[in-house]
Amino acid sequence: MATAARVDAPENHSAPVNSEAVVVRFAGDSGDGMQLTGGQFTLSSALAGNDFATFPDFPAEIRAPLGTLFGVSAFQINFGSTEIDTAGDAPDVLVVMNPAALKTNVKDLKPGGLIIADSGEFTARNLAKAEYDANPLEDDSLGKWQLISFNISQLTMDAVKPFGLGNKEALRCKNMWTLGLALWMFDRDRQPIIDWLNEKFAKNQVLADANIAALNAGHAYGETAEIGQSGAHIPQRHVDPASAEPGLYRTITGADAVAYGLVAGCQLAGVKMFFGGYPITPASSILHALSRLKEFGVTTFQAEDEIAAIASAIGASYSGQLGVTSSSGPGIALKTEAIGLAVMTELPLVIVNSQRGGPSTGLPTKTEQSDLYQSVYGRNGDTPLPVIAARSPSDVFDCAIEAVRIATQFMTPVILLTDGYIANAAEPWKVPDMSTYKPFPVTFLDHVPEGGFKPYSRDNKLARPWVKPGTPGLLHRIGGIEKQVDTGHINYSPENHQLMTDIRKGKVDGIADHIPDQDVCLGAAGGKLAMVGWGSTFGPVHQAVRRARAKGLDVSHIHLRHIWPMPRNLGDLLKSFDKVIVPEMNTGQLKTVLRDQYLVDAKPLNKVSGQPFRIAEIQAAIEEALA
Amino acid sequence: MNDMTPVKKTAPKDWETDQEVRWCPGCGDYAILKAVQRTMPEIGATPENTVFVSGIGCSSRFPYYMETYGFHTIHGRAPAVATGVKLANPDLDVWIVSGDGDALSIGGNHTMHLLRRNLDCQFLLFNNEIYGLTKGQYSPTSREGTRSPSTPFGSVDRPATPCAFALGSGARFVARTYDVAKQTVDVLKAAHAHKGAAFVEIFQNCIVYNADVFAGFTEKANQHQQLWLENGKPMLFSGGTKGIAMDMKALTLKVVDVLDGDWEAAGVIVHDVTNRAVAHMLVEMPFGAFPMAMGVLYDDPRPTFDGAVIAQNEAVSSGKTPDLQKLISKGQTWTVE
């Protein structure tokens, strides 16, 4: 019988087992809808009050050839009743929709973890594509895990039969069947998902009904199925809500948080936003999000290339709006000359870099932190600019506001670093109260000041005036050629170039007086070991330090937001530790900058596999350093 | 009640800056600068609402010499910068100044997209068929066989035709003139009057690296080889003794003799600036067998890009209150008590 199920590790049907935290990974073909399944399971975790972190991991190919190893798309979620900072090291439960998904993911599963497999897809053809000589569901090769397999494809077809869908359409409901099963396994309410399906397929009620039927069938299967000879039931677990500060929460991805933060920053600055973008993975979602926010004074422009995207943003800044552009490493490389122009003309500009694996095209959908050198140093000439790095999807909101503040207050381009992980991952976000944010309104010069108008005169922060074309009496010309001090006229003289270079450096260095001191986010401000991170390594570093401290080790976690200029107290803070380790997803870029700036013996801890750090990897480094 | 600020009438000298002009003595750019400065008062422009945006090259120093707002950007990117300038403030009168290398080589992509989008601006391409500021290498408009420091044995690639490129990119206004032509002011006025991207190719004599390359029709003795086009007027040149007619068999243009001024009998075409097909033929006429077509070759406005962007921004914003708190609070939310 097609729906026959097999179970290797029978458990008795009983009340759900309580767990503190669970890691689940859904993996299937890139067309199987695993990202959607994961996203909705995330929502259900949020509504159940769990803390969580997610990690979507998908191929660069939109619809890779069916059943192939490189076409596997996965979504991991770690949810729990305690603080969750990472998507989890190793899954407790792995749901696989085909042999390729099993092959590429099973090695990550915890020993004794649970595999749920769609046996209907374990055909000879798919097994061959996944390079299996024998069906792993039918031999002992998965012996160290629990295995439950049944024909999800067939069960889905049966469930949606009444709706008269074609074979292909019917099978596309498989992911909802799987989600239904997962909802039962973790004791979750189906209603929010049903509401979402009704909304998503509002224009096609048959599809909505079919998907809901699949969802319900998966749920019912979990509840009733007696699997295997022993008549055992599928194990059910319950995760209590996490304690959290009171307030309104929502889930947020980094891409949405960037968009909202930029809008918020522009409101606090009192300027309109012009966003020039060009499609690139994983940064396009920022362009998508902003293009729907026109009522907030946002103009979006999909330019002909990365260079035009930033050049148009610079033009808009010259015109009196805040120019913003966004890309990923290869696109940032193309924008580099224009970034230099923005530094030279001292116009405000925000450049968002959603970093991905490099070099060149690299790993478009995988995450990496290897553009720190590019951000801090990567231009011709002495061309300093501020660099800010976000640590998590929700942190990007505040970082984007900070980028707008610095750009507009100091008349400078600012680079905001996120990465593919932050852009795509979701986490719970306590919705901030905007009335608690202090505005930083910009002032456009609109009259000839006493002593005459000089376009390159300076305020006490060394910022030059921002003048909107259209203002009478303040006509002036700017450009990429070296400027004469004050007047902005072309000037190639040695003394003037030295002076202007010093001013540009002094202005950016001086921003350090207008940013917060570096804090220690876990542990003491001095001691045996500091783990110094930046960007999306926050979660694993934080958890690793927490675990090491729980074992009594003297280790602290410092996490930088301001990469350039660095906080004034950072040098002294680092020197108050015997050892400094810098974990980063590159070959040691922040480590090099810290050594250069402070002559500290910062040691690297590097990973450039396209995957985030595991907590255990960092914890091992801590324990080794303190052994 | 609205106060009407009387518009101060400007004179050409009001558009000059205090900056020393740094082009080579005798450069055609001087004449173009003068022509632009003479055009400004005639079109009723105001300095504060005028922005000149340029790229890199000899021509691109232009903004420094215009008493307006100005932005000397980076090589090839003036159209992109200008797009941001105009979208952020559509009230500004935007002029782009570029050269053959800037607009057609390093910046060819931006030129194409600006023209197809139809940003409301004037695009002046100073074509001297050479790279001047880098000391004389051949350019994308240099004729085959051009000897230069980078092509000591002559260039082997075929040149681009700027006006054909512009039409092919979807430009709705295409005109041609040359640096010292007395008609340049009228051409610039027509370009300004056109709502949308107005592309003007200005042949410019580089006296140092490519002198007299246009002498075949700009020298006094050769000016009978200029065909000045006027809307509604027959396409006559050489003092009215020759004209352009249609070869109905070959479906191409041909040069015909006009006897006793009877151009109708000779079949000379009456210029219609909205005829795109004829415009394509006019810009492609090989010089020598044909005269050089000048003036407004094509002028048929369409809605502008900036107008469409602003209209959509307004349409989708109307009736919506920009409530940031509401925006960040939406989606599927939950409350922790």
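Q: What share of the contacts in chain A between residues at least 6 apart in sequence join residues at least 24 apart?
A: In this predicted model, the share is 76%. A pair of residues counts as a contact when their C-beta atoms lie within 7 Å, and 76% of the contacts in chain A between residues at least 6 apart in sequence join residues that are at least 24 apart.

Q: What percentage of the residues of chain A count as buried?
A: A residue is called buried if 20 or more other C-beta atoms lie within 10 Å of its own, and 54% of the 627 residues of chain A count as buried.

Q: Why is one side of β20 and of β23 of chain A left without a neighbour in the sheet?
A: These strands belong to an open sheet of four strands in chain A, with the order β20-β19-β22-β23 and parallel pairing. β20 (555-560) and β23 (602-606) of chain A stand at the edges and have a single partner strand each, so one side of each is left without a neighbour in the sheet. From one strand to the next, the twist averages 25°.

Q: How do you know that strand β22 of chain A and β23(A) pair?
A: Two strands pair if there are at least two bridges between them, and strand β22 (residues 577-584) of chain A has five bridges with β23(A), in the parallel sense. In β23(A), A602(A) is the bridge partner of V580(A).

Q: Which strands of chain A does helix α20 lie across?
A: Helix α20 (residues 615-625) of chain A lies across β19, β20, β22 and β23 of chain A, and runs at about 160° to β22(A).

Q: Why is one side of β12 and of β21 of chain A left without a neighbour in the sheet?
A: Here the open sheet has seven strands of chain A in the order β12-β11-β13-β14-β16-β15-β21, and the pairing is mixed. With a single partner strand each, β12 (298-302) and β21 (562-564) of chain A stand at the edges, so one side of each is left without a neighbour in the sheet. The twist in this sheet averages 20° from one strand to the next. Strand β11 (residues 273-277) of chain A runs parallel to β12(A) and is joined to it by five bridges, and in β12(A) the bridge partner of F274(A) is T299(A). α2(B) packs on this sheet, where it touches β11, β12 and β13 (322-327) of chain A, and its direction makes about 150° with that of β11(A).

Q: How many residues does the contact take from chain B and from chain A?
A: The contact takes 48 residues from chain B and 58 residues from chain A. α2(B) gives the most to the side of chain B that touches chain A, with eight residues, and by class this side has 22 nonpolar, 20 polar and six charged residues.

Q: What makes strand β10 of chain A and β12(B) a pair?
A: The cut-off for pairing is at least two bridges, and strand β10 (residues 247-253) of chain A and β12(B) pair over four bridges in the antiparallel sense. V336(B), in β12(B), is the bridge partner of G247(A).

Technical notes
Residues numbered from 1 in each chain as written. Chains lettered and ligands numbered in written order. Predicted model: local features only at pLDDT ≥ 70, side-chain atom pairs only at ≥ 80, totals over all residues. Buried ≥ 20, exposed ≤ 12 C-beta atoms within 10 Å, placed from the backbone. Contact = placed C-beta atoms within 7 Å. Helix = DSSP H or I, 4+ residues; strand = E, 2+ residues; numbered from the N terminus. Nonpolar A, V, L, I, M, F, W, Y, C, P; charged D, E, K, R; others polar. Axes fitted to C-alpha atoms, helices over the stretch in contact; angles between N-to-C directions.
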